[in-house]
Amino acid sequence: MTGRRVLIATPHLQPYDAIGSDVEGMAHCLEGAGYRVEVFAEGIAPAMTGLAREARLEDPAWDDPDALLIYHHSMGWKRGERLLEKMRGRIVVRYHNITPAEYFEPYSPAYSEACREGAASNARVAALPGAMFWGASEFNCAGLRAQGAPAGRCRALPPFHHRPEPAPDAATVRRLRGRSGTRMLFVGGIKPNKGHRRLMEVAADYQREVDAEAHLVLAGKADPRLAHYEGELRDLAWSLGMQGQVHFTGPVTAAELRACYVAADVFVCMSEHEGFCVPLVEAMRHRVPIVAYGSTAVAETVGDAGLVWRNEATACYVESIRTCVEEWGTRAELVERGARRYRRMYDEPVLKRRLLELVEEAWAG
Amino acid sequence: MSSGPSPMEVSAIMREIRERVRARRARNGAVGKGREAEPAAPEMYLERLTRATLELRGAIGRLGDMPAQPPTWRARAGAVLVQVVRRCLFWHTEQVREVQWAAVAALEEQTRAIESLAAALRQLWNLDGERAGRQAVAMDELQARLAEIEMAMAELKAEGVEKAAGAYPGARP
């Protein structure tokens with residue numbers, strides 16, 4: 001295995017991003033195991049320039065028949081598809097799922113178009129001869145199989161999401177704990193597929209029926225291209241009478257994010273489309289009980305470590321949050337299940353072992 | 001819901017949550033209101049009961065009294081007849097009064113019993129609130145201590161790394 005060449009390609013490489021963290025985690029794991037790893041991206045954030053170089057078609061790396069390419073597929077990437085055509089070695093498609101374009105249509109034609117292109121490229125990517133397919137979840141693997149990928153070549157591998165963990169930011173912990181009332185948390189970019197509207201309705205009902213001082217923390221970066229969506233959410237908070245009780249944190253540092261988890265009473269996820277949902281496993285890691293809408297890959301990610309509902313009335317979510325907050329026996333059970341599930345399925349050594357097995361399998365196959 | 005040491009099944013927890021929601025909906029549907037439609041405080045019913053007992057007590061005193069009599073010959077003649085009948089029924093009037101006094105006494109006893117139950121319920125309610133409040137405060141304190149410990153551990157770790165770097169010049173932290 002030592003000295004074998006692994007190429008990792010992704011359209012964009014950014015820090016604190018699910019795909020960026022996965023790429024970084026894979027690269028470190030493979031380097032640690034003695035592989036020669038090279039990372040390529042078309043757009044590289046300044047903080048990541050030390051890790052990757054530009055994915056150029058004329059790069060000789062694609063001509064190496066002994067190399068293995070791990071291609072991160074998360075959106076339409078024309079240059080990426082040409083790289084796949086050029087690649088002479090083995091190919092693994094790492095599938096992160098593509099958000100349906102309809103979510104972005106009212107807000108961003110550019111995002112909507114990128115998602116449409118991504119969906120159109122799914123069938124082409126799934127038809128790559130001899131490739132292996134690594135979905136971030138079984139849900140993603142099912143999506144690939146539906147596009148024509150051979151079932152025997154699809155494997156699930158949860159994404160690497162482990163970052164150095166600084167101490168929780170003391171000021172943020174103090175600020176969040178300084179307020180009385182239930183502290184509900186959701187972590188994720190302010191994007192239309194994340195179910196913020198439904199989440200705010202659930203929080204408003206909880207506030208009306210259970211705890212008038214409850215508040216909701218929405219930790220995540222707002223995208224200027226989706227400013228209209230964020231504006232709609234702020235209007236909704238106002239019309240629900242929650243203007244003082246919904247907090248948009250904006251971009252947060254790793255220490256601030258940890259503080260959000262440490263201070264939270266319950267993690268509530270109403271997201272409508274997820275290929276995996278890293279914040280759910282972060283909540284497990286930080287021992288925060290989870291209440292979630294079991295859409296797409298959410299139910300599979302949480303498993304039996306949280307209260308996951310499908311197509312249930314808002315009252316069910318409200319009662320679930322109340323149960324997590326007020327019934328200590330149930331809370332302790334859920335938290336313990338989450339911690340166990342994290343250790344068993346998502347902890348770094350577990351993912352490293354699985355990745356190395358899959359890389360060996362890709363080379364053998 | 002059980003909070004004992006045996007592990008709970010998440011499906012059982014969810015079944016119970018669903019049942020609770022269903023029961024609440026049925027209850028709210030019956031009164032046609034939301035969660036605010038809680039039963040009135042026991043004190044309100046007690047006040048009504050006391051008032052009704054007082055009215056009954058007053059009514060007993062009037063049992064067997066002569067009715068109002070207008071100043072006419074016909075009324076006077078009628079009053080003589082009523083008086084005759086009243087005297088004939090003296091034994092019955094007294095029996096009815098006794099039964100009514102016994103009913104009032106029972107009602108007053110019941111009122112006292114309900115009063116003591118209401119007081120006990122109020123006390124329990126207050127105790128529950130205090131306990132929940134104390135539990136929340138204790139939990140917050142515990143979480144704050146945990147965060148402090150985590151921070152202190154991170155500082156210690158950083159300090160240890162620095163010391164190690166100092167002890168072995170050239171070693172990278």
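A polar contact is a pair of N or O atoms within 3.5 Å; within protein, one atom must be able to donate a hydrogen and the other to accept it, and residues adjacent in sequence count only if both atoms are side-chain atoms. The structure is a predicted model, in which local features need pLDDT of at least 70, side-chain atom pairs count only at pLDDT 80 or more, and totals for chains, interfaces and linings use all residues. Residues are numbered from 1 along each chain as its sequence is written, and side-chain values use heavy atoms, with hydrogens and water left out.

First, select residues 5–160 of chain A, assigned as domain 1, and then 170–346, assigned as domain 2; these bounds come from an automatic or database domain assignment. Their C-alpha centres lie 29 Å apart. Between these two domains of chain A, nine residue pairs are in polar contact (both at pLDDT 80 or more). Next, select helix 4 of chain A (residues 138–146), which gives three residues, the largest share of the side of domain 1 that touches domain 2. Helices here are DSSP runs (H or I, at least four residues), numbered from the N terminus.

Now turn to the boundary of chains A and B, where 30 residues of chain A and 24 of chain B are in contact, meaning heavy atoms within 4.5 Å. There are four salt bridges between the chains, each a side-chain nitrogen of Lys or Arg within 4 Å of a carboxyl oxygen of Asp or Glu. Select B:Arg20 and A:Glu327 to see a salt bridge at 3.3 Å, N to O. Finally, select helix 1 (10–31) and helix 4 (90–167) of chain B: each supplies at least two residues of the side that touches chain A.

Definitions and conventions
Chains lettered and ligands numbered in written order.
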